[in-house]
Amino acid sequence: MSPRPRVSLLVRVTAALLGPSLLVAVPATAQLRVVTTIPDFAAITRELGGSRVTAEALVKGSQDPHFADARPSMILAANRAQLLVVAGLGLESGWLPVVMTQARNPSIQLGARGYLDASQVVQLRDVVARADRAMGDVHGGGNPHFYTSPAELHRVAKAIHARLVELDPEGRATYDAGWTQFDARYRTKTAGWLQRLAPLKGTAIVEYHKSWVYFLAWSGIRGVGALEPKPGIPPSPAHVAKLLAQVAPLGVKQVWQEVYQPQSLSKLFAQRSGATLLILPSMVGALPGTDTIWAKFDRMVDAIAPR
Amino acid sequence: MNRLVWLASIVVGVSFAVPAPAQPVAETQELQVDPALEAAAAADAPAADDADAATPSGRPPQMNPDISLILDTAAAAFSRGDHLHQGGHAVDESGMVLQGLEFVASANVDPYFRFDLNFQLAGVHLEEAALTTLALPGGLQARAGYLMVPFGRGNTQHLHTWSFVSPSLLHTRFLSAEHFSGVGAELSALLPLPFYLTLTANVLDPHRSTGLRSASFGAIESSASGRVDGLEDPVYSTRIHGFYPLSDDWSLSLGASGAFGQSPFVPDNRAALWGGDLYLKWRPVSSGDDAWGVALSSEYVLRDVQVPGDSVREHGLTAQVDAWLGRFWMVSVRGEGLDHVSGTVHDQAMFGTWQRRSSIALTWLPTHFSKLRLQGDWGQGEGNRPAFGVFVQAEVSAGEHGAHAF
């Protein structure tokens, strides 16, 4: 065996792997580095912390948060984070554990002050006493899609504010000012949204996936069925036909679904039922122009209750 | 008799007095407007300003590890009896086989350690049992226990993450019929760079009795002394792994690995493995079509083994493309080959000279927890005439199963 050529090969491979680092700019250092699983939490953090924080979401708003890839770039972000905000309830269980373990960052592990499980401050829905996969991909602790409700995100914002102050006490004035502004805006916006949605109270809609239960509860709109026969089980033509017959007397006005769900059966259902299919931004950034939670809910309300 | 009538009356009477337990919700009942939901909706709208409400999760606190069981069973039919061997876990003869029954458990032990176990109940053996540190400074992480060596991409992937029924030819020839693994320790560092780059070093105990599994390194029991005499006796491996998110939709992963140990043929002589791997994936998350995607993965391995009076060099290459056609279908194509480069082949069982194989697999995933696979193979090698193989595989996963690495 001749080691020399192989060492040379290893040096070349190492150089190839290290080379791109020279082309990547190093981001400016901020006071507090926050990483969140979904973009709504990052958007809230930016509003609360302004220039004292950097906030990066691991998944995009247009992405199904159940099935993200655990990209190593997520590990890098988690490694440098001082605060990790997660939705919890198993929403990220398919990818987040490996990110957290390989992050090599004790500050963001479960139980550390740099780990915030947003579901802990939410008024949970769809909590089941016993979860079984025969019931579909249920989340026993509760439905994790609470980020579709302004009220629940307001609670999450309050918890993020408290945690920012705890981790960065010197920035309290900034965070308090951010919270005051956020809270005031929330009240103004919520009043407007609820006013627009008030005429639709009691209106029957069908969901694709049970992603909207929190929004429905908040708005008073009625969810009367789901295209998925069980959570995570794809809609079948037979189930859709059955659902059509069942909801016919209820006068379903709209079908709601997220951007990443397939639309062929939804379109068929909407067409046959006389309902309107709405592709709604469940998360910040899911559709163009929805880069803040205000813009996200504006877009949702505009779609559900057009002026 | 009267007493019996009285008893029956009491039982029946109580049954009317006690409300019936809630019936399972039938699909038709989804159509009914849930009064509780309406009440909650009515209550929540005005109560939305009540930001002080903080409701803990409905799930009681649990300290148990996440536990899951994964079953893989398969059937195969080959056009000839002298077809290529399919490798560990695979169906090697026409017929049916229980490929795997994995028992997986994982949990954080405390703020400093995590524990992961993967036990193979089909052909009972340990695949992995490792502690992992969570709190070492400087981007360092240590693992210890029974470890799968991070050599290339494929060696640390369990059966249920494969795109094919059988492992790659180079995996079986150069790494192990199962996984290149053993009792050992590992130290890795996430380098302080603006992109992801890790360096990993690994040392394995070389005793066969402690479970060293390797297709390229000899156990210490076959050395001259039969025991560990110095630092040259264990099996060492090292890896450098970089990841480049080319965009939100494109990911590129590159790795280079090396492993060094004792030759299995000449006591106290050496063997070495060198490997390179690439993984390029496109998944259009930015457009909302993240159920679709294409990935190219490729591995190359070069092996040098000292044999009596000579050194044998071989290499192998595998390349596969996986295409996700929505949430429920995946098509995978693989081409691979092994070749002898230099040296005199002394042991056909180990070296086997050249082999070629092409495979195509269609996988249906009714849910995230079950899959059915149909695969076709065409393969040949020195000593094996061209042969076709057809496989059917079913897999189900029950319980809380941990996340997979990229």
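Q: What is the order of the four strands in the open sheet of chain A, and is the pairing parallel or antiparallel?
A: Happy to start there. In this predicted model, the open sheet of chain A runs in the order 6-5-7-8, and its pairing is parallel.

Q: Why is one side of strand 6 and of strand 8 of chain A left without a neighbour in the sheet?
A: Strand 6 (222-226) and strand 8 (276-279) of chain A stand at the edges with a single partner strand each, so one side of each has no neighbour in the sheet. On average, neighbouring strands here are turned by 30° against each other, direction ignored.

Q: How do you know that strand 7 and strand 8 of chain A pair?
A: Pairing takes at least two bridges. Strand 7 (residues 254-257) and strand 8 of chain A have four bridges in the parallel sense, so they count as paired.

Q: Why is B:Trp292 called partly exposed?
A: The relative accessible area of B:Trp292 is 45%. Buried means under 20% and exposed means over 50%, so a value in between is called partly exposed. B:Trp292 is found in the loop between strand 10 (270-282) and strand 11 (293-307) of chain B.

Notes:
Residues are numbered from 1 along each chain as its sequence is written. Chains are lettered from A and ligands numbered from 1 in the order in which they are written. This is a predicted model: local features need pLDDT of at least 70, side-chain atom pairs count only at pLDDT 80 or more; totals for chains, interfaces and linings use all residues. Side-chain values use heavy atoms; hydrogens and water are left out. Helices (H or I, at least four residues) and strands (E, at least two) are DSSP runs, numbered from the N terminus. Axes are lines fitted to C-alpha atoms, for helices over the stretch in contact, and angles run from 0 to 180 degrees between N-to-C directions. Buried means under 20% relative accessible area, exposed over 50%, partly exposed in between (1.4 Å probe, protein chains only).
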